[in-house]
Every structure is written in C-alpha cells, then in structure tokens.
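Dear colleague,

A summary of the findings comes after it.

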Amino acid sequence: MPHPMLTEEDIESYQRDGVVLIRGLFADHVETLRAGIAANMAEPGPYASENRKTGHTGLFFDDYCNWTRIPEFAEVIRMSEAAAVAADLMGSDSVQMFHDHVLVKEPGTSMATPWHQDGPYYFVQGRQTVSFWSPLDAVSDASLRCVAGSHHWPKDVLPTRWVSDEGFFADEGQYMPVPDPEAEGMRIVEYAMQPGDVVAFNYRTLHGARGNTSSARRRAFSLRLVGDDARYTERPGPTSPPFPGHQMKPGQKLREDWFPVIWTRQGTAA
Ligand SMILES: O=C(O)CCC(=O)C(=O)O
C-alpha cells in the first residue's frame, strides 16, 4: 500500500514522467517554513545569491544547505511526511537527506529560472532521487515548470550559471545543449498551487520557472532527498552545492554523518 498521501497512479506518473503533484504535503508546515525562510533571508549563508541579472527588475534570492542551522527547516524535514512519501515515489527502502534550497522571487521580479536539470550540478548519481518544490505563497504563472519524461533522456543537459548563462562545466561532449521546451513542443507540466502543495521531481527532470510579475511574493522551499541507489560521482569541476572537504570517492554512498538517513522502511532512521 502506498503512503496515504499517494495513489498507485501518483507513483506510476512519477516513474514515467519524472514529475507529480502532491497536494498539501507541507500544508501543516507552511508557517514553519515561512519562518525558516525569514530567518534564512535575515541571515543568509555563504552560498546565498541575489541573482542580479543585467536588465532585470526585482529580486530573486536563493540560498541552500541551511537545514543544520535553521531549526524550522530541520523540524519540517524530520516531522513532515516528506521522507516516507519520497521512499514510495523513488521505490526505495531508505531516504537520505541531501540538502535544502530556498528560492524567493519578490514581486515584479522579471528573471526566469532557466531550464535545467539539477542532477548535473550535483555529485550524486542514481535513479532514486527526488526534489520536493513547495510554494509558501499561492502561485500560478510563477509556478515550477517540468518537462515530462526528460529524466529518461540519455544525455545530461549542460548545467549553466543562472546569471551569466555560461556553462557550469566545460563540455567535452558529455552534455546536450539546454533545449527550448516551448519552441521544441515538449510536454511541459505546471500547476496552479496553494501554499504547502508540492511538485515532486527527479534530479534529471528538466525544469525552470517564469519570473514573478505579480504583486505578491513567491517564496519556495525545495527539499532534495536520495534513495538506496544514490552514489557519489565526480563531475568535471566543483559541484553545486560544493560541500568542501567531503572526502568521498566515486561509487561511495553519501557519507551519513553529513547526509543522514532520515527514514527506513523498518522504521529505524536516526
Ligand atoms: O523556484 C524556482 O524558481 C526554481 C526551483 C528549482 O529550480 C529547484 O527547486 O530545483
């Protein structure tokens, strides 16, 4: 039996399309996540960015890897149903924490989040991966947009730097160029969402988001988890996030002192 917040069809959609909507997964945690985002923005971490792109208006703040210093994020990671739901979507017997990401587009922010797959920025390889993107404000136009089935593409998409559009790594033939899903007629999945709803997507699912031209803020919390088959892999340069000093070797499971196992099917997670 799947987790009560999921149907068998949700799991099939996730496996087939690399994306599925889960209404209300964080509905009981919206105020906690808002408080965590406020704390994060009041005291940004070393990786925070305001993504100031020439010719654009507004402010697109993002920051990641703060859950160990922001108790509100740690509470939601531990107390919500996210890990149990992640296990069923991934078909995994365990769930390991990877990191958190906050993405806030203030009213009148014109910059889009460029189309990208998360996986190629990360040092993680494996099929059992999931990100939970949750708006903390109602969204329509500024929602997440995912290309159905892109997690099955044979080649990774070249990761790029969001402000300069430069390649994140030198491409020696291992990447495909960033496609234009609208021009190329790809199936783009997007939803009008309420605070606490979640889009679950695979690390290899191509996704992006429009700017926020509305008069309301668009705060979003993204939680990145991995399952049984996730292993450390090397990329052609420092990854994003970089996790300096990690000392892992290709093929190893992510070190559990930095990336704790937060759920197991036997119910014995730390
Ligand atoms: O919130 C956004 O604009 C993009 C989110 C995203 O790329 C992610 O959560 O991986």
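The following paragraphs describe the ligand site and then the salt bridges.

Please note that this is a predicted model.

The ligand is surrounded by 13 residues, and the closest of them are Thr113, Trp133, Arg218, Ser222 and Arg224. By class, this shell consists of five nonpolar, four polar and four charged residues. Four strands each supply at least two residues of the shell: S3 (94-105), S4 (113-116), S12 (207-209) and S13 (218-226). Strand S13 contributes the most, with three residues.

Histidine 207 has a polar side-chain atom 3.0 Å from a ligand oxygen. The ligand taken alone exposes 290 Å², of which the protein buries 99%. The space that the ligand takes is the largest pocket.

Turning to charged pairs, the structure contains 16 salt bridges. One of them joins the side chains of aspartate 17 and arginine 187, with a distance of 3.1 Å from N to O. This pair connects distant parts of the chain, as the two residues are 170 residues apart. Aspartate 17 belongs to helix H1 (residues 8-17), whereas arginine 187 lies in the loop between strand S9 (175-176) and strand S10 (188-190). In general, side chains of opposite charge can pair when their charged atoms come close.

With kind regards

Key:
Residues numbered from 1 in each chain as written. Predicted model: local features only at pLDDT ≥ 70, side-chain atom pairs only at ≥ 80, totals over all residues. Heavy atoms only, no water. Near = heavy atom within 4 Å. Polar contact = N/O pair within 3.5 Å; in protein donor to acceptor, adjacent residues only side chain to side chain. Areas by Shrake-Rupley, 256 points an atom, 1.4 Å probe, with all protein chains shown as cover. 1 Å grid on protein atoms, 1.4 Å probe; cavity = no way out; pocket = protein on both sides within 12 Å on 5 of 7 lines; lining within 4 Å. Sits in = over half its atoms within 2 Å of the grid points. Nonpolar A, V, L, I, M, F, W, Y, C, P; charged D, E, K, R; others polar. Salt bridge = Lys/Arg side-chain N within 4 Å of Asp/Glu carboxyl O.
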